[in-house]
Amino acid sequence: MRRIVVLSGGIGGARFLRGLLRAAPEAEVTVIGNTGDDIHLFGLKVCPDLDTVMYTLGGGIHEEQGWGRAAETFAVKEELAAYGVGPEWFGLGDRDFATHIVRTQMMAAGYPLSAVTEALCRRWQPGVRLLPMTDDRVETHVLIDDEESGERRAVHFQEYWVRLRASVAARAVVPVGADQAKPAPGVLEALAEADVIVFPPSNPVVSVGSILAVPGIREGIAEAGVPVVGLSPIVGDAPVRGMADKVLAAVGVEATAAAVARHYGSGLLDAWLVDTVDAGTVTAVEEAGIRCRAVPLLMTDTDATAEMARAALSLAEEVTAV
């Protein structure tokens, strides 16, 4: 049985995983999920990326949004607002609240996030083993210039993306606590036992980048001795969705498929898929020591996404054959 490890953020990673499971139904898939987006709200531990993967693969996601629960209601949020309790900009729904309540109760009882995630997945049966990147608290913050005062300050990534909608320049991106964190149980073992490691079209800075910031994970990938293949989240010099261009600028990387490949580097990445509109960058990527192919990379439906996954696995086999 082929063992595939995927480093995943939220929406893009989750949708790619749905295609991967169709493309390789016989594979044993382990997902190392980003927890840098985690945030504490209303006294609850919220894990947006882990939940997006869990809901998407478990059939409970709001398909149009790509996040949150289907058939959601917002009575609790409305009642909190009536009491003047915020933040109002973060829209937790009633069904979603239940997940966060269960998670917070279990963690308060002493269970680590990895054990809690396993327990939550028993309900959703996502078809993958979902591991948080770490059991330790890591929260990605973004350094911005305040629009009113002009002073530089740090905001949580969720505030930057949800409240500010990435409307101001990101001056720096810092996964706070990552340098002191340890990989969650099972993470390094999964990497060591993998047959192929995949970077899906997730944000290279605040999703995959946050995972790689946990000491030991980057080294575990490099030492695994298996093909590492990535799919570009940049198509035609722009993010397919989200604000990857804003946070790439904060770390001094151009928003191009080739630049993101070089950002990961040939010491980590063996192969890279770019979209057909970026076929002209294939040579530049290969000159950087990374095997590259151009294929359609728009996840228009599950069939198209499955083809992307097949292309990634095929390219991994090419690397292995060399």
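**Close-up views of a predicted model**

**View 1. F199, Y264 and W272 make up one aromatic cluster.** Five aromatic pairs occur in the structure. Rings of Phe, Tyr and Trp (its six-membered ring) pair if their centres lie within 6.5 Å; planes under 30 degrees apart are stacked, over 60 edge-to-face, and the rest tilted. This is a predicted model: local features need pLDDT of at least 70, side-chain atom pairs count only at pLDDT 80 or more, and totals for chains, interfaces and linings use all residues. Residues are numbered from 1 along each chain as its sequence is written, and side-chain values use heavy atoms, leaving out hydrogens and water.

**View 2. W89 and F90 form an edge-to-face aromatic pair.** Their centres are 5.9 Å apart, with 75° between the planes. W89 is partly exposed, at 26% relative accessible area. F90 is buried, at 10%. Buried means under 20%, exposed over 50%, partly exposed in between (1.4 Å probe, protein chains only).

**View 3. R69 lies over the face of Y55.** The distance to the ring centre is 5.4 Å. A charge sits over a ring if NZ of Lys or CZ of Arg is within 6 Å of the ring centre and within 35 degrees of the ring normal.

**View 4. Seven strands form an open sheet with parallel pairing.** The order is β5-β2-β1-β9-β10-β11-β12. Strands β5 (129-132) and β12 (291-294) are the edges, each pairing on one side only. Two strands pair if DSSP finds at least two bridges between them; strands (E, at least two residues) are DSSP runs, numbered from the N terminus. Six bridges join β1 (residues 3-8) to β2 (residues 28-33). L7 has I32 as its bridge partner in β2.

How values were computed
Helices (H or I, at least four residues) and strands (E, at least two) are DSSP runs, numbered from the N terminus.
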